[in-house]
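I opened a notebook page for a structure that is new to me. The entries below follow the order in which I looked things up.

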Amino acid sequence: MQFGVFSVSDITRDPVSGETPSEAERIDAIVRIAQKTEEVGLDVFAIGEHHNPPFFSSAPTTLLSYIAATTEKLIVTTSTTLITTNDPVRIAEEYAMLQHLAKGRMDLMLGRGNTGPVYPWFGQDIRQGLPLALENYNLLHRLWREDVVDWEGKFRTPLQGFTSIPRPLDDVPPFVWHGSIRTPEIAEQAAYYGDGFFANNIFWPKEHFMRLIRFYRQRFAHYGHGTEKQAIVGLGGQAYLARRSQDAIREFRPYFDEAPVYGHGPSMEDFMRMTPLSVGSPQEVIDKTLTFRESFGDYQRQLFMMDHAGLPLKTVLNQLDLLGEEVVPTLREELAAKRDPEVPDGPTHAALVKAKYGDQPPRQPRPNANRGDNVTGSSPYQDSDPAVQADYPSL
């Protein structure tokens, strides 16, 4: 079971101090939060992708590369990589490079995002959001698995004899999660490819996500990737901790009441009752998180949102101390004791390499000499299958 922290990278006014941090302060803070995530014994740090104020994470691979370089064990990932408005060729290149720099300590979560204007900013039509997500991932999936790709679709120019560089580390593509709040087609896509499915599990009642996860598990088994129990599921959640429940409620209330995504709606108590939001003592957060397994079955990754709604950095770091020292160790122990032996572990690069190669050394692609135009010879790599034939354009 993997535990970690995710951030949407919001820059929100602190309703207690009245201060709004600068972009520079929030970027520095998120690096410190990620480093603290490893220090307290958690496994994963994730950042979202946004291209508009009041967010800062427009370049997640750059941020995650720096975080990977300043940590030793932490898996860095995204809580959204925009598969709809990013060119899949650039996703293939950038995340393969991150995979090399992080020595495999990375994966990514694909999603469509929740900001409508981003589509025209990047030359796309939001009304085509779902077809874009499906077509773009089909291409990305191939770019990471085929040395030479011929491809033609609806939303980008065709590719002829194209090689995405660098090839994935050990010629093993990064593990992909498909994130969704409400769309069964995305759960279907995750199941079709045998990828992971991540349910946001923050804003809506559990019954909604239970339907999506059940559907994903059924389709995962339908496509022959394993049993329903063997499907790879991740969940989100938000927690605010204090040693005493009364203190947690008192301290978090002003942040909840003014939060852009929470405030001015149901009361915090109603929201805690209706959704996975956990505000209380470490034991109360443990108890509520354990109910997730009862609702969704055994799963592989649990991420907590800890820095949302203007919480100051010092408060977030204190939260991480409590999460790492008192909450996660108990969750690890109790969930491991209840875990069905048929359920696989959370995805890691080492496990994917082992599954592909067994005890044999992994492939390390070495380019053939060429004219530097990426279109010379039957394949650009020395060890490509001789049966691979590419139709290159004439020069």
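Is G153 buried, partly exposed or exposed? I looked it up and found 32% relative accessibility, so G153 counts as partly exposed. The cut-offs are these: buried is under 20% relative accessible area, exposed is over 50%, and partly exposed is in between, with a 1.4 Å probe and protein chains only.

Ground rules next. This is a predicted model, in which local features need pLDDT of at least 70, side-chain atom pairs count only at pLDDT 80 or more, and totals for chains, interfaces and linings use all residues. Residues are numbered from 1 along each chain as its sequence is written, and side-chain values use heavy atoms, with hydrogens and water left out.

**Entry: where G153 sits.** I placed G153 in the loop between β6 (149-151) and β7. Helices (H or I, at least four residues) and strands (E, at least two) are DSSP runs, numbered from the N terminus. I then took the distance from G153 to D321. Their C-alpha atoms are separated by 49 Å, and the two residues are 168 apart along the chain.

**Entry: helix α6.** I counted buried residues in α6 (residues 184-193). There are 7 of 10, so this helix is largely enclosed by the rest of the structure. I listed them: I186, A187, E188, Q189, A190, A191 and Y193. What covers them? The cover includes α5 (129-143), β8 (176-180), β9 (196-199) and α7 (206-222). After the helix comes G194, with a positive phi near 75°.

**Entry: helix α5.** I checked the length of α5. Its 15 residues should span 21 Å at 1.5 Å a residue, and the end C-alpha atoms are 21 Å apart, so the two agree. The expected span is 1.5 Å times one less than the number of residues. Buried residues of α5 include G129, L132, N136, L140 and L143.

**Entry: nonpolar cores.** A nonpolar core is a set of buried Ala, Val, Leu, Ile, Met, Phe, Trp, Tyr and Cys residues joined through side-chain atoms within 4.5 Å. The largest one has 102 residues, and F45, Y216 and L323 touch the most other members. Helix α11 (residues 313-338) gives the largest share of this core, with 9 residues. A second, separate core has 5 residues, among them L82, V118, Y119 and F155. In soluble globular proteins, nonpolar side chains tend to be buried together.

Which residues does Y216 contact, leaving aside neighbours within four places in sequence? They are A187, A190, A191, D195, G196, F197, A231, I232 and V233. Contact here means heavy atoms within 4.5 Å. A187, A190 and A191 also stand in my list of buried α6 residues.

**Entry: strand β13.** I looked at β13 (residues 301-305) and found 5 of its 5 residues buried. Both faces are covered, with R301, L303 and M305 on one side and Q302 and F304 on the other. Two strands pair if DSSP finds at least two bridges between them. β1 and β13 run parallel and are joined by 5 bridges. F6 has M305 as its bridge partner in β13. β10 (residues 233-235) also runs parallel to β13, with 2 bridges. There, G234 stands opposite R301.

Entry: Most residues other than glycine have a negative phi, and most peptide bonds are trans. I went looking for departures. The bond from P53 to P54 is cis, with omega near 10°. P54 is in the loop between β2 (44-47) and α2 (60-69). I165 and P166 are also joined by a cis peptide bond, with omega about -5°. P166 is in the loop between β7 (159-162) and β8.

D171 lies in the loop between β7 and β8. D171 is not a glycine, yet its phi is positive, about 55°. D171 is buried, at 11% relative accessible area. S9 is not a glycine either, and has a positive phi of about 70°. I found S9 in the loop between β1 (2-7) and α1 (23-39). S9 is buried, with a relative accessible area of 0%.

Entry: How many cavities of 30 Å³ or more does a search of the whole structure find? It finds 1. The largest cavity holds about 40 Å³ of space. M1, R293, D298, Y299, L335 and R339 line it. A cavity is a set of points, on a 1 Å grid over the protein atoms alone, where a 1.4 Å probe fits but cannot get out, and lining residues have an atom within 4 Å of a point. Grid points are joined across faces, edges and corners, and a volume is the space filled by probe spheres set on the points.

Note on methods. On a 1 Å grid over the protein atoms alone, a cavity is a set of points where a 1.4 Å probe fits but cannot get out, and a pocket is an open set with protein on both sides within 12 Å along at least five of seven lines; lining residues have an atom within 4 Å of a point.
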